[in-house]
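Keep the sequence and the 3D view open as you go.

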Amino acid sequence: MSQTPTPSQVDWRALAQTLFPQGQQISEKDHFLSGTAQVDGRTVTVVGTTGHTPIGIEIALAQASVILQTVREHPGRPIVILVDTQGQRLRHRDEMLGINSYMAHLGKCVELARRQGHRVIGLVYDQALSGGFITSGLIADACYALPDATIRVMGLPAMARITKVPEERLTELARSNPVFAPGPENYLRMGGVAEIWHDDLAQALSAALATDYRADTRAAVGLERGGRKWAQRVIQAVANDVPLNG
């Protein structure tokens with residue numbers, strides 16, 4: 001059953017009309033989005049989620065199936081992942097069935113598509129949390145976000161409970177360290193988000209699909225933007241087999 005969006009949720013139908021003005025054939029079933037759209041006169045595969053839905057084994061398999069079908073039947077067709085999720089589904093059933101393996105399978109399918117010449121673009125249009133984000137938008141060639149999107153590894157209250165660090169201290173750290181802070185701007189600083197799209201979404205998507213992302217430069221970009229100060233340095237030290245100096 002489809003869910004009527006609440007005021008706190010972005011209407012994916014309105015987004016699709018803005019993102020794909022040349023036409024789209026996207027459908028929703030149980031918060032799972034799939035279909036095709038036209039961008040610059042060519043067809044792209046669209047897959048994703050809506051309604052802040054958690055990623056359980058069913059949606060992980062459904063997304064993987066669409067990606068594999070695209071690789072098998074439409075060689076080279078670009079893939080656009082629309083992200084709106086509260087993360088992996090935290091249920092005993094999913095854990096016992098091995099939700100980690102299903103999400104790893106989804107990630108492998110995205111990597112297969114990439115190796116077969118498919119451009120994969122992620123767009124966080126509403127909410128993106130934890131594992132549900134990692135195996136969707138974050139694993140794409142490049143991930144983008146809308147200005148009002150919510151992106152975070154974990155909410156600060158939950159992080160305080162897990163780490164035993166007082167929430168006040170985490171709030172203080174979030175002011176200067178983007179790792180702790182939610183929001184697309186912080187992930188932009190870390191290099192996880194390539195750009196935040198403000199104006200013409202269709203044009204922004206067209207430009208993203210035309211960009212060559214075969215080299216993963218996110219760690220270098222994070223260092224350049226001041227959000228990840230050590231990732232690129234560690235990569236270079238390992239690659240060059242040299243000591244890492246502080």
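**Exercise 1.** Work out whether Thr-53 is buried or exposed, and list its contacts.

*Solution.* Start with the cut-offs: buried means under 20% relative accessible area, exposed over 50%, and partly exposed in between (1.4 Å probe, protein chains only). Thr-53 has a relative accessible area of 8%, so this residue is buried. Finally, look for contacts, meaning heavy atoms within 4.5 Å. Setting aside neighbours within four places in sequence, Thr-53 touches His-31, Ile-59, Asp-84, Thr-85, Gln-86 and Gly-87.

A word on the source: this is a predicted model, where local features need pLDDT of at least 70, side-chain atom pairs count only at pLDDT 80 or more, and totals for chains, interfaces and linings use all residues. Residues are numbered from 1 along each chain as its sequence is written, and side-chain values use heavy atoms, with hydrogens and water left out.

**Exercise 2.** Find which strand gives the most to the lining of the second largest cavity.

*Solution.* A cavity is a set of points on a 1 Å grid over the protein atoms alone where a 1.4 Å probe fits but cannot get out, and lining residues have an atom within 4 Å of a point. The second largest cavity has a volume of about 30 Å³, volume being the space filled by probe spheres set on the points, which are joined across faces, edges and corners. Two elements give two or more residues to its lining: strand S3 (42-49) and strand S5 (79-88). S5 gives the most, with 4 residues.

**Exercise 3.** Describe the aromatic pair formed by Phe-133 and Tyr-187.

*Solution.* Rings of Phe, Tyr and Trp (its six-membered ring) pair if their centres lie within 6.5 Å; planes under 30 degrees apart are stacked, over 60 edge-to-face, and the rest tilted. The count by this rule is 2 aromatic pairs. In one of them, Phe-133 and Tyr-187 are 6.2 Å apart centre to centre, with 75 degrees between the planes, which is edge-to-face. Phe-133 sits in helix H5 (residues 130-134) and Tyr-187 in helix H8 (residues 184-190), 54 residues apart. Both Phe-133 and Tyr-187 are buried.

**Exercise 4.** Decide how Pro-166 is classed by its relative accessibility.

*Solution.* Pro-166 lies in the loop between helix H6 (156-163) and helix H7 (167-176). Its relative accessibility is 47%, so Pro-166 counts as partly exposed.

Notes. 1 Å grid on protein atoms, 1.4 Å probe; cavity = no way out; pocket = protein on both sides within 12 Å on 5 of 7 lines; lining within 4 Å.
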